[in-house]
Amino acid sequence: MSPMFVPGPVDVNPAVLAAQAQPMLPHRSKEFEEIFQRCSEKARNLFFTNRRVFITTASGTGLQEAAVRNLAKQTVLSCVNGAFGKRWYEVAQTNGKQADLLEVEWGQPLLPEAVAEALRKKQYEVITLVHNETSTGVQNPVEQIAATVHEFSPDTLICVDAVSSLGGVKIEMDAWGLDLLLTSSQKCLALPPGLALAAVSDRAMAYAQGVPNRGWYFDLVRMEKHLNKDSTPATPALSLIFALDVQLERILGEGLEVRFKRHSDMASRVQDWSLAHGLGLFAAAGYRSQTVTTVTNTLNLDFYRLNEFLMAHDMRIANGYGSLKGKTFRIAHMGETQLEHIETLLASMNEFLA
Ligand SMILES: Cc1ncc(COP(=O)(O)O)c(C=O)c1O
């Protein structure tokens, strides 16, 4: 592996890469349906749900689109404190929904009080929010926000993007009462890009039945009919599903609690190192991501020189996202990355700083 300390795509274990080289199967065959069934079963553990988990041939943005198309006839409250929350807002708007923006300063968390205030002013069918803002390194308090939505607007469906955290951080779909929880394959699940997974609640499925213009490809109602037969409406990315089968086995074999602790240990190490070296942390204290650290470039380091130096040592980190480029850079600690890889990276960064 060539440690990619970037927030996706991340390194993929060689056994998982190799699983993709299996011969094709007809997707309408018993053999494939068994694999698909196994994957959806195992995936439920990651989402902490007893509900259905859809496995789609798409990236996470596709399921952001599915969420608003299936669950809102009109009204969406889009919570934003970073680039990916903003994207979901744009996805809602470009699908013709009446999306209202609840935006807080980037680097700060979305807090339940702000959500409660918005919900007091207007009734929304759907609220969208990002659990782990990969651009800013903020982890939003989704459990508390969900509790607030249940209290102030119990009919509002809660849609959560956990693209860069599910599988690295505990997110409890059923216990927190979430309605749609989505992720992509190429981040904490440490698979190649190309699959997106979403768990969906019963009440969200029931609501979707009455929503017009759900489209075809991402119609959850159509997808469920096929899922009940361990299948998909259209041809799935078979090779990626072979890899998913192997990787879910590895993830569950590691143990979810062990995996979550590994992520939080790596996060603490990177964050402590940054502060000890006079660098800043973009995310507010108490809300820092467990899977990616957005470092404020207070030392004015030349990011390109830094990354060239790291690449000469077979490693790489990521620049800031969008408008945060240059002002911040990002060190991801997700997927297959181990604390010892982080130590190697930080030793090289020490060398660069010296
Ligand atoms: C939090 C978050 N949401 C959504 C996306 C978009 O996901 P994808 O590239 O899988 O469509 C990303 C990608 O980095 C992300 O980090």
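Modeller: Before we start, a word on terms: Ala, Val, Leu, Ile, Met, Phe, Trp, Tyr, Cys and Pro count as nonpolar, Asp, Glu, Lys and Arg as charged, and the others, Gly among them, as polar. Also, what we have here is a predicted model.

Biologist: Okay, with those classes, how do the residues of the shell around the ligand divide?

Modeller: The shell around the ligand has 14 residues. Ser-59, Thr-61, Thr-134, Asp-161 and Lys-187 come nearest. Sorted by class, the shell gives 3 nonpolar, 3 charged and 8 polar.

Biologist: Which helix supplies the largest share of that shell?

Modeller: Two helices each supply at least two residues of the shell, α3 (60–71) and α4 (83–94). The largest share is 3 residues, and the helix that gives them is α3.

Biologist: Let's go down to atoms. How far is the polar side-chain atom of Thr-134 from an oxygen atom of the ligand?

Modeller: For a polar contact, the N or O atoms must be within 3.5 Å. Ser-184 has a polar side-chain atom 2.7 Å from a ligand oxygen, and an N or O atom in the side chain of Lys-187 is also 2.7 Å from one. For Thr-134, the distance to a ligand oxygen is 2.5 Å.

Biologist: And how much of the ligand's accessible area does the protein cover?

Modeller: On its own, the ligand has 390 Å² of accessible area. The share of this that the protein covers is 89%.

Biologist: Where does the ligand sit?

Modeller: Start with an open space of about 300 Å³. Among its 20 lining residues, Phe-84, Arg-87, Val-163, Gln-186 and Lys-187 are closest to the centre. That space is where we find the ligand: the largest pocket.

Biologist: What classes do the residues in the lining of that pocket divide into, and which helix gives the largest share?

Modeller: By class, the pocket lining has 6 nonpolar, 10 polar and 4 charged residues. Both α3 and α4 supply at least two residues of this lining. The largest share, 3 residues, comes from α3.

Biologist: Now the backbone. Which two residues does a cis peptide bond join?

Modeller: Look in the loop between β1 (4–5) and α1 (14–19), where Pro-9 lies. The omega of the cis bond is about -5°. The two residues joined are Gly-8 and Pro-9.

Biologist: One more: which residue other than glycine has a positive phi near 55°?

Modeller: The place to look is the loop between β9 (180–184) and β10 (195–200). The residue there with phi near 55° is Ala-190.

Methods. Residues numbered from 1 in each chain as written. Predicted model: local features only at pLDDT ≥ 70, side-chain atom pairs only at ≥ 80, totals over all residues. Heavy atoms only, no water. Near = heavy atom within 4 Å. Polar contact = N/O pair within 3.5 Å; in protein donor to acceptor, adjacent residues only side chain to side chain. Areas by Shrake-Rupley, 256 points an atom, 1.4 Å probe, with all protein chains shown as cover. 1 Å grid on protein atoms, 1.4 Å probe; cavity = no way out; pocket = protein on both sides within 12 Å on 5 of 7 lines; lining within 4 Å. Sits in = over half its atoms within 2 Å of the grid points. Helix = DSSP H or I, 4+ residues; strand = E, 2+ residues; numbered from the N terminus. Points joined across faces, edges and corners; volume = space filled by probe spheres on them.
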